[in-house]
Amino acid sequence: MDNFNIIATTFFGLEGVLSEEIKALGAQNVKILTRAVSFTGNNTLLYKANYFLRTALKILVPITSFSAYNDKEFYDYLYKINWQDYMAVTDTFAVDCTASGPIFTHSKYLALKCKDAIADYFRSKKGRRPDVDTQYPDLRINVHVHNAQVNISLDSTGIPMSKRGYKTRQTEAPVNEVLASGILKLTGWDMSTPLVDPMCG
C-alpha cells in the first residue's frame with residue numbers, strides 16, 4: 001500500500017526521543033515539530049506506531065489543511081470534505097479540537113461547528129445524520145487550529161493508554177506513562193544496570 005503522512009503527538013521536550021523511536025520502526029521522512037513528529041508510512045507502520053511507541057500521545061493521519069478567518073469559512077470548508085471517504089452514515093463519530101490565537105478562542109464551539117458540518121453533509125447526501133459517541137466512536141476526528149490555520153486529522157489511537165481502564169487504582173498524582181517513558185529514555189538507561197526511581201513516592 002502507498003505511504004501517507006502520519007503525525008505522532010507528544011509532550012514538549014520529548015520530540016527528539018520520539019523521533020528516534022519512530023525511526024527504529026522504519027519510518028521515512030521523519031521530521032521534528034513542536035510537540036509532535038511527522039513521518040510517512042503505510043497502514044502496517046500506523047498499527048506499529050500505536051502499539052510500540054512509548055513516548056507518543058496520539059497517532060494522527062492528516063486529511064486536509066485550510067485557512068479560515070471566521071466560523072462560516074470554517075464550517076463551509078468542513079462541509080465540502082467528502083466524509084463518505086472516511087465513514088458511513090451508520091458510523092458514530094466524535095470531534096476533539098484545540099484552538100489557539102486571536103481568531104478562534106473557543107475550541108468547544110469549533111468542535112460543535114465541525115460536528116454540524118459533518119451531520120449536515122450526511123443529511124444532504126443520505127437524508128439522515130450519523131450519531132455522535134464521545135466515548136467509543138467509530139471515527140474520532142482531530143481538529144487543530146492555530147490562528148487562521150486549520151488542520152484536520154483522523155485519530156487512529158482513540159482513548160489514550162493511560163485512560164483505558166487497565167488500572168484498578170490510581171494515586172493522587174500519577175505520572176503519565178508517556179512522560180515516564182520519555183524521562184527514562186532521556187536518562188540513557190541501558191536496562192542492564194540497576195534503576196533507582198527518585199519519583200517512586
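Let's start with strand 3, residues 36-41. Strand 3 is mostly covered, with six of its six residues buried. Buried means under 20% relative accessible area, exposed means over 50%, and partly exposed is in between, with a 1.4 Å probe and protein chains only. Helices (H or I, at least four residues) and strands (E, at least two) are DSSP runs, numbered from the N terminus.

Some ground rules. This is a predicted model, where local features need pLDDT of at least 70, side-chain atom pairs count only at pLDDT 80 or more, and totals for chains, interfaces and linings use all residues. Residues are numbered from 1 along each chain as its sequence is written, and side-chain values use heavy atoms, with hydrogens and water left out.

Back to strand 3. In a regular strand the side chains alternate between the two faces of the sheet. Here both faces are covered. A36, S38 and T40 are buried on one side. V37, F39 and G41 are buried on the other.

Now the neighbours. Two strands pair if DSSP finds at least two bridges between them. Strand 1, residues 4-9, runs antiparallel to strand 3, and six bridges join them. T9 has A36 as its bridge partner in strand 3. Strand 2, residues 28-33, also pairs with strand 3 in the antiparallel sense, over four bridges. There, L33 stands opposite A36, and I32 stands opposite V37.

How many of the six residues of strand 2 are buried? The count is zero, and strand 2 is hardly covered.

Next, backbone angles. Most residues other than glycine have a negative phi, and most peptide bonds are trans. Two residues here go the other way on phi. N29 is not a glycine, yet has a positive phi of about 55°. N29 is found in strand 2. At a relative accessible area of 52%, N29 is exposed. R35 is the other one, with a positive phi near 60° in a residue other than glycine. Where is R35? R35 is in the loop between strand 2 and strand 3. Those two strands form a hairpin with two residues between them, and R35 is in the turn. Its relative accessibility is 47%, so R35 counts as partly exposed.

On to the helices. Helix 1 covers residues 15-24, and its buried residues are E15, V17, L18, S19, E21 and I22. What do they pack against? The partners are strand 1, strand 2, strand 3, helix 2 (43-52) and helix 5 (177-187). Contact here means heavy atoms within 4.5 Å. After helix 1 comes G26, with a positive phi near 95°.

Helix 4 is residues 107-126. Its 20 residues should span 28 Å at 1.5 Å a residue, and its end C-alpha atoms are 28 Å apart, which agrees. The expected span is 1.5 Å times one less than the number of residues. Buried residues in helix 4 include L110, A111, K113, C114 and K115. Also buried are A117, I118, A119, Y121 and F122. The cover includes helix 3 (71-80), strand 5 and strand 6. G127 follows helix 4, with a positive phi near 80°.

V132 sits between helix 4 and strand 6 (139-146). Is V132 buried or partly exposed? V132 is partly exposed, because its relative accessible area is 36%. Leaving out residues up to four places away in sequence, V132 touches F93 and K115. V132 and K115 are 17 residues apart along the chain, and their C-alpha atoms are separated by 8.2 Å.

Last topic, the largest pocket. About 840 Å³ of space lies in it. Of the 28 residues that line the largest pocket, T9, L60, T98, N142 and H144 are the closest to its centre. Which strands each supply at least two residues of the lining? They are strand 1, strand 4 (58-67), strand 5 (93-100), strand 6 and strand 7 (149-155). Strand 4 gives the most, with five residues.

How was the pocket found? On a 1 Å grid over the protein atoms alone, a pocket is an open set of points with protein on both sides within 12 Å along at least five of seven lines, and lining residues have an atom within 4 Å of a point. Grid points are joined across faces, edges and corners, and a volume is the space filled by probe spheres set on the points.

Note on methods: On a 1 Å grid over the protein atoms alone, a cavity is a set of points where a 1.4 Å probe fits but cannot get out, and a pocket is an open set with protein on both sides within 12 Å along at least five of seven lines; lining residues have an atom within 4 Å of a point.
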